[in-house]
Amino acid sequence: MKGAIHTTTKMDDDTAYQLTKTYWDNKAAMAEGAAWWGGVDAGLMSNITGKIHPGAVRYYKEAGIALTEDQM
């Protein structure tokens, strides 16, 4: 798998949630095929300076991944 994982403002919350969850649940397997995926971790969330889709925010809260007020 190559490219970025992202949502759009037109995506419904449940789809964004599932996309985000699926990414994090499968990240290790993706890293087997493309090592750079292994370098992506929750610590990189601080690099996101804009709003995160509400559906993705729901996943991050459930997963215990800290977000800033600006991201929510």
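**Aromatic cluster and nonpolar core**

Tutor: Trp-37 is buried, with a relative accessible area of 3%; buried means under 20% relative accessible area, exposed over 50% and partly exposed in between, using a 1.4 Å probe and protein chains only. The model is predicted, so local features require pLDDT of at least 70 and side-chain atom pairs count only at pLDDT 80 or more, whereas totals for chains, interfaces and linings use all residues. Residues are numbered from 1 along each chain as its sequence is written, and side-chain values use heavy atoms, leaving out hydrogens and water.

A pair of aromatic rings is described by the distance of the centres and the angle of the planes. Here rings of Phe, Tyr and Trp (its six-membered ring) pair if their centres lie within 6.5 Å; planes under 30 degrees apart count as stacked, over 60 as edge-to-face and the rest as tilted. The count by this rule is 6 aromatic pairs. In one of them, the ring centres of Trp-24 and Tyr-60 are 6.4 Å apart and the planes stand at 80 degrees, so the pair is edge-to-face. Because Trp-24 belongs to helix H1 (residues 13-33) and Tyr-60 to helix H2 (residues 54-63), this pair ties together parts that are 36 residues apart in sequence; helices are DSSP runs (H or I, at least four residues), numbered from the N terminus. Both Trp-24 and Tyr-60 are buried. Trp-36 and Trp-37 form a stacked pair, 4.2 Å centre to centre with 25 degrees between the planes. Trp-36 is partly exposed, at a relative accessible area of 46%.

One aromatic cluster is formed by Tyr-17, Tyr-23, Trp-24, Trp-36, Trp-37, Tyr-59 and Tyr-60. Over the face of Tyr-17 lies Arg-58, at 3.7 Å from the ring centre; a charge sits over a ring if NZ of Lys or CZ of Arg is within 6 Å of the centre and within 35 degrees of the ring normal.

Tyr-60 is also among the residues with the most contacts inside the largest nonpolar core, together with Met-45, Ile-52 and Leu-67; this core has 14 residues. Such a core is a set of buried Ala, Val, Leu, Ile, Met, Phe, Trp, Tyr and Cys residues joined through side-chain atoms within 4.5 Å. H1 and H2 are the elements that give two or more residues to this core.

Leaving aside neighbours within four places in sequence, Ile-52 is in contact (heavy atoms within 4.5 Å) with Met-45, Val-57, Tyr-60, Leu-67 and Gln-71. Gln-71, in the segment after H2, is buried, with a relative accessible area of 2%.
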